[in-house]
Amino acid sequence: MKKIVKAGWSAFPGIKGKMGLVILLFFTGVALFGTWVAPYPKNFIGFDSWLPPSFGHWLGTDSYGQDVLSQMIYGTRTSFWVGILAGLITTVIGVTVGIVAGFKGGWIEESLMRIVDLFLIIPTLALMIILASFLPSMGTMSTIVIIGSLSWLYMGRSIRSQTMSERQSGYVEAARMVGMKDSEIMFREILPNITPVILANLVLVTTQAVLAEAGLSFLGLGDPTNVSWGTILALANANNAVLFHAWWWILPPGLAIAFFCFGFILIGNGILEKYRANRGNAAL
Amino acid sequence: MSKPLLHVNELEKVFSSRSMFRKKQVHAVQDVSFTLEAGEVLAIVGESGSGKSTVARMLTNLIPATSGDIVYNGESLRTNRQLRKKLPTFVQMIFQDPFAALNPHHTIGYIIGRPLQVHRLTQGDLRSRVLELLRKVGLSPEEDFIDKYPYQLSGGQKQRVVIAKVLGLAPKVIIADEPTSMLDVSIGIDIMNLLLDLKEKENLALMMITHNLGSARYMADRIAVMYAGRVMEYGPAEELIQNPQHPYTKLLLYSSPDPWREQTEVFEVVEAQVQDASGACCSFHNRCPFATDICRTKPVAIAQLENGHQVRCHLYA
Amino acid sequence: MADLLQVRHLSIEYAAARGVVRAVDDVTFSIGKGEIFGLAGESGCGKSTTAFGVSRLLRHPARIAGGSVQLDGTELTTLSNEEFDRLRWSKISIVLQSAMNNLNPVLKICDQLTDAILAHEPHAGKEVRQRAEQLMRLVDLPVDRLDSYPHELSGGMRQRVVIAMALALQPSLVIMDEPTTALDVVVQNGIIRKIMELQKKFGFSILFITHDLPLMLEMCDRIGIMYAGKLVEVTSREQILQKPRHPYTQGLLNSFPSLSGPKQRLSGIPGHTPDLIRPPAGCRFCPRCSQALALCETQQPMLMQDEKGQIACHLYSEEGLSREQASAACE
Amino acid sequence: SVLSGCSNSASQAQTGTEGQADTTSSTKPANKGESVVYHLGETVNPEQVTNFNPFLATGNWAPFFDYVFDPLYYFNPVKGELVPRLAEGEGTWSADNKTYTVKLNMKAKWQDGTAFSIDDVLYSFNTLKDYKVLDRYQLWGDGRLQEVTAQGSDTVVFKLSNTFPSLPFYLSTVYIVPKHQYEKEDPSQFLNKQPIGTGPFQFKSINESAIVLNKNADYFLGSPNIDQLFVDRFNNSSTLTLALEKGDVQGSTGTVAMPSVPKLLENPVNKLQVYPGLNTFSVIMNNEKPGLNDTAVRRAIQIAIDRKSLIEKGESNGVFPANPGFLSSVFSDMADSGLINNPSYAYNVNEATKLLESAGYTKNGKGIYEKDGKPLSFTYHMAANAPAQNKEGAMITEWLKSIGVETTVKLVTWPELTKLLMSGDYELLQNGIQTPPDPQAQLEIFHSKMTAPTGENTPGLNYMRFRDSEVDQWLDEASSADAGKRKELYGKIQSRISEQAPVAVMYNVGGHIPYRVDQFTDYNEDLPVTSALSLMQIKKK
Amino acid sequence: MRYNSVYLIKRIGIALITLYVAVTLNFLLPRLMKGDPASALASEKALGSQEVADALKVQFGLDNPSLWYQYAKYMKQLLHGNLGVSYANFPSPVADVMLKALPWTLGTVLIATLLSYLIGWLIGIRGAWKPGSLFDNTTLFSSFFLNSVPFFWIAIIFIMIFSFYLGWFPLGQAVDPAYDSFSWLEKAKSVVYHAFLPVFTLIIATLAGHILVLRNNLMRVLSEDYMLLAKAKGLRASRRKYMYGARNALLPSFTGLMTSLGHVIGGAITTEIVFSYPGVGLVTFNAILNHDFPLIQGAFLCIAISVIVCNLIADLVYPLIDPRVALN
Ligand SMILES: Nc1ncnc2c1ncn2[C@@H]1O[C@H](COP(=O)(O)OP(=O)(O)OP(=O)(O)O)[C@@H](O)[C@H]1O
Ligand SMILES: Nc1ncnc2c1ncn2[C@@H]1O[C@H](COP(=O)(O)OP(=O)(O)OP(=O)(O)O)[C@@H](O)[C@H]1O
Ligand SMILES: [Mg+2]
Ligand SMILES: [Mg+2]
């Protein structure tokens with residue numbers, strides 16, 4: 001057990017990686033055990049509105065008379081899962097497209113990359129809205145699917161270029177020489193070698209997903225029945241927290257998003273730095 | 001005489017990089033023919049970009065030939081799909097860079113064993129077969145190596161692993177594309193010795209690509225000198241080294257450092273851009289101190305000298 | 001002989017993640033005026049590190065751990081950066097291995113040739129272009145190539161440009177770290193001949209680094225053989241051609257298939273170079289040495305000077321010899 | 001050229017004072033000779049004002065027309081009554097109630113100096129007849145107007161095919177435009193970049209941040225006291241509210257972030273005028289969908305919604321609780337105000353579950369009521385891009401859950417929401433229902449002629465697909481009855497509606513108009529304070 | 001002449017093809033949305049009258065449901081430079097609406113991007129030159145953090161502090177309400193004054209990305225041999241830093257700059273909303289919410305053209321920065 005913890009700890013390279021891990025562990029803890037920690041139930045609206053921070057309400061209350069701290073804690077769970085799951089979906093699509101395009105080359109690559117280029121031209125937000133109208137409901141799951149299925153473009157590109165440089169490597173040629181199938185080469189030979197890049201990308205898309213969720217909620221396209229950092233911020237803005245000097249309603253969600261993503265980015269950067277140091281390769 | 005193990009006839013490769021508006025063509029290999037028998041070593045020498053690797057890649061079907069024929073045991077690679085499928089068990093290649101040729105994420109055991117599984121070559125215990133292969137290439141104690149990862153090995157050991165992997169498929173022909181150029185000389189010579197021993201033991205045909213004439217002489221029974229995609233001179237190794245005929249071969253020999261040799265005449269070196277093989281003239285004419293008008297205007301044919309020594313030069317026409 | 005460069009007990013360390021790598025360990029040699037000194041050895045033995053140490057180009061995480069480097073009597077290791085910058089190129093210039101990456105891809109050849117001159121002679125002004133043209137002629141390159149970008153030249157031409165650049169300020173020492181490794185033999189031969197011609201003409205000294213022992217034997221006056229951070233033998237070319245003394249030198253020589261003479265089986269050197277973080281306790285070559293003594297396993301040999309040059313091997317030390325004799329006597 | 005020349009001369013009169021207005025801040029007390037500028041804040045998207053043609057439904061900001069143009073009558077939502085503008089007093093009905101005669105105020109004058117004439121009025125109404133697409137309130141449809149003619153030079157006669165007592169209300173929706181300007185154009189495409197009206201303010205210029213209006217000193221109801229009216233455009237209510245708090249603007253005609261109201265009012269210079277309007281915010285139910293076709297379920301849903309909390313928390317008490325009988329309290333004489341506080345329609349979870357249980361529903365394992373294995377599980381649509389509304393939706397779905405009704409929330413864009421309403425492809429849908437200023441029209445949204453089966457588009461506003469033959473009959477009767485009779489019929493209809501609960505009403509969004517009283521006084525609080533008639537009267541302190 | 005004609009033609013060709021496909025996609029995408037704008041308008045503004053809805057459909061050109069018909073019409077209009085008529089702002093042409101919004105977005109986004117690029121460049125270079133230094137670590141960490149902050153949150157905070165509490169800047173909008181009666185100097189001042197916070201927000205929000213990219217590129221370049229040789233030559237640090245280091249690091253980040261430019265326009269939506277700024281982002285967003293097909297198409301077209309043009313500019317400027325590019 002100790003060993004596992006130690007191995008896990010050292011898997012996060014450098015000071016940055018470890019700092020990131022600590023931040024992330026904190027949020028994970030809140031996300032997983034928040035229900036027990038939160039002082040008041042979710043969506044409980046019984047308090048006076050606009051109470052400034054006090055011992056009863058560490059982060060005050062909002063215009064509806066909800067305890068902001070409790071909202072933040074419940075919001076962590078949503079934002080956490082949106083980030084993780086949407087990040088995973090993005091990664092699966094991005095990695096598949098990237099590896100196939102990078103490995104197969106030829107018209108497959110051409111067409112995949114042209115599609116990516118085109119999608120990059122159209123504002124993702126518009127695509128998200130359009131996609132939203134095709135889903136049966138606007139729950140957290142839909143947000144995840146929408147974000148996950150539309151944010152793989154940059155990742156696909158990055159994985160592709162990485163795969164292309166891997167393809168030049170001797171071991172790919174050697175695998176072909178030996179008569180391995182393309183699928184085996186792609187996913188058993190190349191894939192493990194670009195894992196750090198994938199991980200670093202995964203980290204990035206996860207933060208992108210958290211930010212996208214916040215953006216969607218801010219534009220009023222999030223899941224209204226659930227609490228997330230984005231919806232808290234959106235309501236704070238819509239209900240004019242600025243006017244009430246209610247910084248306790250505006251600062252926490254923004255800072256939470258920032259720190260959460262910061263943790264991820266630190267980890268990703270740690271991984272990448274180690275990878276680069278090992279390879280002397282900065283072309284990512 | 002029965003069919004040769006490998007017969008290559010007028011092999012040609014044209015790379016065309018198709019951009020949207022223009023087609024660009026590179027004649028990487030043209031009019032290359034030779035044969036290879038079991039137990040024989042053929043060395044291909046030539047400067048960088050002369051098409052050596054391209055020939056090797058065509059022989060192993062990594063890239064298709066543009067024209068010409070590759071015949072293994074009388075079966076043509078071009079027409080025989082069956083052959084293409086089982087080609088890995090017939091011809092194998094050793095790459096230049098042992099550091100890159102091993103996937104850093106697999107153990108040595110996996111790397112050597114996986115091809116055996118792909119081609120269903122082991123009925124019995126995979127592990128014992130891998131151990132046997134490791135022993136064959138002199139990596140002992142074998143048990144130590146089988147679970148190691150490539151980064152735990154030195155360059156020479158890696159190249160041995162590559163050889164072990166290749167041997168596992170029990171090919172009849174092994175093509176070694178500059179197998180020692182990334183290694184230190186002292187270790188490279190080891191690898192060359194190993195290849196020679198294996199050739200003897202397994203009765204392999206070996207094709208060795210190098211740009212070091214010394215290594216070619218050391219290994220080969222016959223040498224082919226390539227320049228700009230064509231074979232310029234072809235013949236028994238010792239004879240070719242001691243008695244070069246083609247000006248390009250002479251130039252190569254002259255340029256190779258050898259502190260022990262008696263001083264020979266100074267060779268007039270003409271510097272110029274290497275020409276594409278497609279030219280309708282001798283592609284070496286612009287660097288050749290003996291070039292005459294005919295070299296610049298007429299394509300060259302191969303001249304046969306004694307002992308199977310061949311030269312592609314107007315001087316011998 | 002008046003020594004131009006004196007390197008004494010130079011040690012250089014890399015602070016790597018796994019520990020400290022002493023890539024250059026107590027290296028002492030000197031180069032005379034107008035001499036071509038070769039440094040040979042297997043990959044990773046510290047040749048480049050030595051060269052960079054001498055020219056103060058070491059990058060993080062390398063640092064000089066001790067020793068001194070004197071050029072023309074000036075101690076280089078203690079000079080301030082500004083003072084050393086003035087010495088750079090005007091006294092010591094350098095040619096690096098890969099022809100591809102030696103030149104800045106976005107500047108014209110002319111600019112790269114002249115900026116070194118201008119950095120040291122800011123008042124050179126118009127004349128500087130003429131000097132660049134002269135330099136091009138020196139290495140047999142057409143003058144109009146001055147206005148080309150590096151990618152428009154072939155590898156050989158690029159390397160000639162770098163050599164011309166190295167001679168721009170007529171330095172007294174040119175360090176060449178594998179200047180021809182990436183090139184074909186024919187091109188390499190042309191460049192080596194050019195270097196030797198220029199060296200005869202200007203009389204500068206060269207510290208020449210290569211893997212290629214035969215090449216080195218063709219051009220160098222004196223040769224130092226390095227192994228695992230240690231200098232194991234320094235001796236003249238003739239000595240090595242006649243009879244190499246150190247077992248490692250012998251092994252190296254025995255690894256090059258030659259083009260002349262009878263075809264014979266070569267044996268190379270078995271094993272591989274040691275991990276420099278934990279080098280063997282005694283002689284570093286001991287694990288691969290076929291002539292190793294018992295002593296070699298425990299005690300490091302010193303570099304000793306004798307009439308045939310310097311050598312660090314117990315076979316040639318008095319202590320080692322006496323023991324050898326003793327053991328021979330026992331039999 | 002006539003046009004521009006005239007407007008030039010009109011603005012020349014202002015130039016003397018204008019120059020000073022630019023150099024001196026408007027916050028300083030008004031001295032003699034300084035121009036008085038009133039800043040009105042509005043949430044008008046910058047791209048949204050691209051024409052000034054009152055006929056068009058799109059590309060303009062509707063309140064603008066109130067300042068620049070005059071209708072015959074102005075509908076005062078505060079009192080629910082009509083105020084004559086171009087008409088001189090109330091019109092008169094003929095004996096058979098099929099002819100309505102309106103005398104015009106001939107003192108009116110177009111802002112370009114042209115005389116106002118009865119032809120302009122006839123033109124304005126006939127244009128609606130000629131261009132179907134412009135007749136948004138169906139004045140000419142449905143057997144209403146038959147003919148509009150002149151009687152003499154100052155009297156208009158409206159002839160109806162059927163009795164239509166609400167006609168005067170509908171007249172308030174038509175702004176009278178200058179015939180001499182419009183007849184050269186296609187009124188359905190005319191952008192009217194230089195509008196000319198008869199109203200108290202005249203258009204000066206428009207930029208990204210404001211629409212600038214000058215006073216019309218010749219206005220026939222008296223010259224406004226302020227010299228200039230700036231309509232400052234913001235694209236969100238938050239910023240607008242901040243601007244109000246900072247004093248950058250003095251008032252707003254509408255949208256303000258409701259939760260900020262208490263804070264605004266902490267400052268004594270800020271005031272809020274609240275009046276019920278014609279928009280009833282509700283949970284609209286599709287009465288044809290399984291489950292929702294059961295009155296008990298609809299009733300349960302109606303009383304599961306805690307309107308009081310909703311109004312208090314969500315709207316900061318800035319709105320009026322809606323009448324379960326639907327008729328807005330604007331029409332105070334017709335609306336049955338007793339229903340609003342009737343405890344049987346008030347929030348009551350126990351009652352709601354009792355209703356369901358007595359209708360034969362039982363709780364399943366997930367705590368959801370079901371009958372015949374079919375759980376009460378509905379989709380719940382809301383408009384996207386409205387976080388505060390969505391929050392209310394979240395509160396409502398939570399309450400529904402507490403009575404064992406399950407919902408699946410979906411956010412859709414505006415056009416999609418209306419599409420769903422029209423086609424009936426929804427179960428529960430949270431939205432406002434906006435009607436013309438007429439009690440009859442408001443109740444007619446429950447008429448079966450206004451609906452169509454699910455899957456077909458409704459011809460009118462009966463999105464609920466509510467059908468009740470008695471309600472139909474009462475409505476038909478009321479359409480030609482006199483005031484007393486109508487009140488009685490409307491009463492019956494309202495009590496039927498509240499019992500049947502075809503829609504769960506929540507609150508009336510009418511006006512909640514914030515305004516500042518630190519610099520200007522004499523707002524007319526019997527009117528919307530920022531309406532043209534009120535702004536005419538205000539004075540600088 | 002650094003350009004060769006094939007390179008030029010190829011780049012322009014690719015740009016044109018991309019443009020065509022983008023235009024077609026622009027046509028298709030809005031039509032994938034459910035809901036019909038004419039009925040919605042009729043419902044909102046005309047009591048759900050079917051007659052009005054039908055009349056509107058005719059006016060909008062939606063009476064013929066065949067996609068091919070609509071596509072042909074759309075393409076024909078487009079070739080005549082006609083972007084159609086906006087539904088939500090009927091009968092104003094889309095071009096009018098877009099032209100009003102475009103200058104504001106282009107102005108702010110261009111200035112913000114260029115400034116942020118420049119600042120990011122200088123900071124990135126300084127950091128990479130001495131990796132591990134206090135300056136480097138500080139900027140690195142701040143960049144990571146800034147990269148994690150949502151645009152609109154920064155915007156809200158700025159409004160709260162600078163506009164509401166301190167009152168230094170306006171709460172929003174693009175110009176002063178009395179803009180029309182200003183002299184040109186006052187007009188210019190007013191525009192700059194109002195644009196300051198939005199531009200500042202965009203700079204802060206995009207700065208971190210630029211810093212990180214430039215730092216990475218420069219770190220890679222610094223390990224090249226020619227950097228070592230430059231040092232050996234005794235060149236001044238500034239020449240090594242800029243002519244040898246930065247210039248070589250410029251190319252990859254320049255690509256990034258150009259592709260990001262188009263995207264920043266799309267990403268300006270939230271900033272424009274918070275600042276009540278009358279730009280393209282806002283128009284696009286409202287158009288989408290209103291299902292205003294022609295306006296969506298117009299907005300997408302603007303964005304697509306700006307991305308494509310930026311990429312083209314990048315392609316054409318490459319050879320000027322890096323002589324190696326023109327070759328292939
Ligand atoms: N995939 C390819 N597409 C286009 N041209 C190619 C391709 N592969 C090789 N070439 C060209 O074919 C020629 C021969 O290349 P090849 O790799 O066979 O040379 P080589 O003799 O093996 O050189 P080296 O000694 O450097 O390995 C070269 O000019 C090269 O540029
Ligand atoms: N940045 C570094 N960190 C740690 N160790 C290093 C670093 N750079 C070099 N070394 C070690 O220093 C030793 C000497 O390297 P050096 O480059 O001087 O060898 P070399 O003789 O020039 O080899 P080659 O012939 O391959 O160029 C090597 O063993 C290498 O592992
Ligand atoms: Mg090759
Ligand atoms: Mg080196």
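**Close-up 1. Packing around helix α4 of chain B.** The buried residues of α4(B) pack against α8 and α9 of chain A, and against α5 (126-136), α6 (142-146) and α7 (155-168) of chain B. The model is predicted: local features need pLDDT of at least 70, side-chain atom pairs count only at pLDDT 80 or more, and totals for chains, interfaces and linings use all residues. Residues are numbered from 1 along each chain as its sequence is written, chains are lettered from A and ligands numbered from 1 in the order in which they are written, and side-chain values use heavy atoms, with hydrogens and water left out. Helices are DSSP runs (H or I, at least four residues), numbered from the N terminus. Nine of the 11 residues of α4(B), residues 108-118, are buried, so the helix is largely enclosed by the rest of the structure. Buried means under 20% relative accessible area (1.4 Å probe, protein chains only). Among them are B:Ile108, B:Tyr110, B:Ile111, B:Arg114 and B:Leu116. B:Arg120 follows α4(B), and its phi is positive, near 50°.

**Close-up 2. Where chain A meets chain B.** Chain A gives 14 residues to the contact and chain B gives 22 residues. Contact means heavy atoms within 4.5 Å. The two chains bury about 1,600 Å² between them, 57% of it on carbon and sulfur atoms. A:Glu173, A:Met177 and A:Val178 lose the most area on the chain A side, together 40% of what that side buries. Buried area is the accessible area (1.4 Å probe) lost when two parts are put together, summed over both.

Close-up 3. A salt bridge is a side-chain nitrogen of Lys or Arg within 4 Å of a carboxyl oxygen of Asp or Glu. A:Glu173 forms a salt bridge with B:Arg57, and their closest N and O atoms are 2.7 Å apart. On the side of chain A that touches chain B, α8 (170-178) and α9 (182-193) of chain A are the elements that give two or more residues. α8(A) gives the most, with seven residues.

**Close-up 4. The largest nonpolar core.** This core has 329 residues. A nonpolar core is a set of buried Ala, Val, Leu, Ile, Met, Phe, Trp, Tyr and Cys residues joined through side-chain atoms within 4.5 Å. Residues with the most contacts inside the largest core include A:Trp249, D:Leu72 and D:Phe125. Helix α10 of chain E (residues 237-274) gives the largest share of this core, 15 residues.

Methods
Buried < 20%, exposed > 50% of the residue type's maximum accessible area, 1.4 Å probe, protein only.
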